[in-house]
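Please look at the sequence and the model first, then read the notes below.

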Amino acid sequence: MTIKVKAIIGSTSSRSVNLKVVEFLREKYVGKLEITPVFINDLTMFSVDLESNPPEVVTEFMDNVRDSDAILFAVPEYNYSIPGVLKNAVDWLSRSNFAIKDKPAFMIGASAGVLGTVRAQMHLKQILSNPMLSPALLPNNDVFIGSIQQKVDETGQLTDQATIDFLDKVVNNFIEFYSKTKAFAELRA
């Protein structure tokens, strides 16, 4: 079974290290995860004036995310929090008729700082606890890749074996979590 994962790329940078990690995951776990990056660069800023009739780019984004088995949040950290563009995407998702509610999800984050994106991910978890969002987040498998510049080669490919081994563990844990979450949802139905 291949899990269809939409990876929300929280950065607008063309050199995003988080996108590079998502691309690494997409290539490494083919057959287990079908990861499709979802870019949020062009989303219209959320406004209550637009929520009853959102722009086409927004409805396409929400439909794209809804059309998945699971969500991967690729979380950069800007000024100890999530980027505004990611908050905007999450704000739109909160108005999407529960597009991600109870959907299995996990997070990754990479940065040049030694803490990875720990503060941003903690903040995003707090935001996602909103009942209008509430994905089923993989517990106890935080991926904070710090000092990323020391863990990639000159082309941006992840080369640090300890990080790769940890990602293997997290992906395997997510697959198990996904199966249990889906089985439980079927029992409730």
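Leu72 stands opposite Phe106 in strand 4. This is a predicted model, in which local features need pLDDT of at least 70 and side-chain atom pairs count only at pLDDT 80 or more, while totals for chains, interfaces and linings use all residues. Residues are numbered from 1 along each chain as its sequence is written, and side-chain values use heavy atoms, with hydrogens and water left out. Helices (H or I, at least four residues) and strands (E, at least two) are DSSP runs, numbered from the N terminus.

**Pairing of strand 4**

- Strand 3 (residues 70-74) runs parallel to strand 4 (residues 104-110), and four bridges link the two; strands count as paired if DSSP finds at least two bridges between them.
- Strand 5 (residues 136-137) is also parallel to strand 4 and is joined to it by two bridges, with Leu137 of strand 5 opposite Ala105.
- Strand 6 (residues 144-145) is parallel to strand 4 too, again through two bridges, and here Phe144 faces Gly109.
- A right-handed β-α-β unit is formed by strand 3, helix 3 (residues 84-93) and strand 4; right-handed means that, with the strands pointing away from the viewer, the path from the first strand over the helix to the second runs clockwise.

**Burial of strand 4**

- Seven of the seven residues of strand 4 are buried (buried is under 20% relative accessible area, exposed is over 50%, and partly exposed is in between, with a 1.4 Å probe and protein chains only).
- In a regular strand the side chains alternate between the two faces of the sheet.

**Helix packing**

- The axes of helix 3 and helix 4 (residues 118-128) come within 11 Å and cross at roughly 15°; axes are lines fitted to C-alpha atoms, for helices over the stretch in contact, and angles run from 0 to 180 degrees between N-to-C directions.
- Helix 3 is therefore roughly parallel to helix 4 (angles under 35 degrees count as roughly parallel, over 145 as roughly antiparallel, 65 to 115 as roughly perpendicular and the rest as oblique).
- Leu86, Lys87 and Val90 of helix 3 meet Leu124, Ile127 and Leu128 of helix 4, where contact means heavy atoms within 4.5 Å.
- For helix 1 (residues 17-28) and helix 5, the axes come within 12 Å and cross at roughly 65°, so these two helices are roughly perpendicular.
- Phe24, Leu25 and Lys28 of helix 1 make the contact with Ile164, Leu167, Asp168 and Val171 of helix 5.
- The crossing of helix 1 and helix 5 is right-handed, as is that of helix 3 and helix 4 (right-handed if the near helix is turned clockwise from the far one by less than a right angle, left-handed if anticlockwise).

**Two single residues**

- Thr163 is part of helix 5 (residues 161-188) and counts as buried because its relative accessibility is 9%.
- Leaving out residues up to four places away in sequence, Thr163 touches Ile145, Lys151 and Leu158.
- Met1 belongs to the segment before strand 1 (3-9) and is exposed, with a relative accessible area of 70%.
- With residues up to four places away in sequence again left out, Met1 touches Gly31, Lys32, Tyr178 and Ser179.
- Met1 and Asp67 are 66 residues apart along the chain, and their C-alpha atoms are separated by 17 Å.
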